[in-house]
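User: Hi! Could you walk me through this model? I'd like to start with how its elements are named.

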Amino acid sequence: RLDGFRRAGMSDPLRYAGYCLRRIPILWFQAAWAERTVHLVESASVYATRGQWGRVGVKSAFKLLEFCILALALFGAFSVRGEAAGLVVVFQVAYMNINLFTMGLPRYIVPAFPMLALLAVCGILAVCRRFLPARVGDQ
């Protein structure tokens, strides 16, 4: 089976890229934190039709948390551009996400998370610097 994917990728890179893009919703909605940590493997709409509103809330909270971390990490990546330490983290996350994009296995996602968390903290700091008033004496 893996040889078939390699052949498809080698013979038709656009088809393989399409395959990888189709896997992103599967990774996002069927193999993320809510599914791995608290075993909420069905969609929120299935839980809602069953009247399991606690599960709907927990699943929704996890999805919101995932989205916020990824959005803040993206914002953080743009906020540290031009800084040497920031470039190292951005490069590492980009390199690790190649494996996330093409394979999407937890063994590739988990090592990238600490760096995503660092970028998310940079994003939070950038948001705070931009929108919160500076205190006297802060530079």
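Analyst: Happy to. Helices here are DSSP runs of H or I with at least four residues, numbered from the N terminus. Ala77, for instance, lies in helix 5. Keep in mind that this is a predicted model.

User: Good to know. What is the mean pLDDT of the protein, then?

Analyst: The mean is 76, and 74% of the residues reach 70 or more. Confidence is lowest in helix 1 (residues 2-11), with a mean of 54, and highest in helix 4, at 89. Where pLDDT is low, the predicted coordinates should not be read in detail.

User: Back to Ala77. Is it buried or exposed?

Analyst: Ala77 has 18% relative accessibility, so it counts as buried; the cut-off is under 20%.

User: And what is Ala77 in contact with, sequence neighbours aside?

Analyst: Leaving out residues within four places in sequence, Ala77 contacts Val90 and Leu119.

User: How do helix 5 and helix 8 cross?

Analyst: The axes of helix 5 (residues 53-79) and helix 8 (residues 113-131) come within 6 Å and cross at roughly 70 degrees. The two helices are therefore roughly perpendicular to each other. Among the residues making the contact are Ile69, Leu70, Ala73 and Ala77 of helix 5, and Leu116, Leu119 and Gly123 of helix 8. By class, the contact has 14 nonpolar, three polar and no charged residues.

User: You mentioned Leu70. How accessible is Leu70?

Analyst: Leu70 counts as partly exposed, at 37% relative accessibility. The C-alpha atoms of Leu70 and Leu116 are separated by 7.3 Å, and these residues are 46 apart along the chain.

User: Which residues make up the largest nonpolar core?

Analyst: There are seven: Ala73, Ala77, Val80, Val89, Val93, Leu116 and Leu119. Helix 5, helix 6 (84-102) and helix 8 each supply at least two of this core's residues. As for Val80, beyond four places in sequence it touches Gly86, Leu87, Val90, Leu119 and Cys122.

User: New topic: what's the phi of His39?

Analyst: Phi of His39 is near 55 degrees, a positive value in a residue other than glycine. Most residues other than glycine have a negative phi.

User: Where is His39 found, and is His39 buried or exposed?

Analyst: His39 is in the loop between helix 3 (33-37) and helix 4 (44-50). At 57% relative accessibility, His39 counts as exposed.

Definitions and conventions:
Residues are numbered from 1 along each chain as its sequence is written. This is a predicted model: local features need pLDDT of at least 70, side-chain atom pairs count only at pLDDT 80 or more; totals for chains, interfaces and linings use all residues. Side-chain values use heavy atoms; hydrogens and water are left out. Axes are lines fitted to C-alpha atoms, for helices over the stretch in contact, and angles run from 0 to 180 degrees between N-to-C directions. Angles under 35 degrees count as roughly parallel, over 145 as roughly antiparallel, 65 to 115 as roughly perpendicular and the rest as oblique. Contact means heavy atoms within 4.5 Å. Ala, Val, Leu, Ile, Met, Phe, Trp, Tyr, Cys and Pro count as nonpolar, Asp, Glu, Lys and Arg as charged, and the others, Gly among them, as polar. Buried means under 20% relative accessible area, exposed over 50%, partly exposed in between (1.4 Å probe, protein chains only). A nonpolar core is a set of buried Ala, Val, Leu, Ile, Met, Phe, Trp, Tyr and Cys residues joined through side-chain atoms within 4.5 Å. pLDDT is the predictor's confidence in each residue, from 0 to 100.
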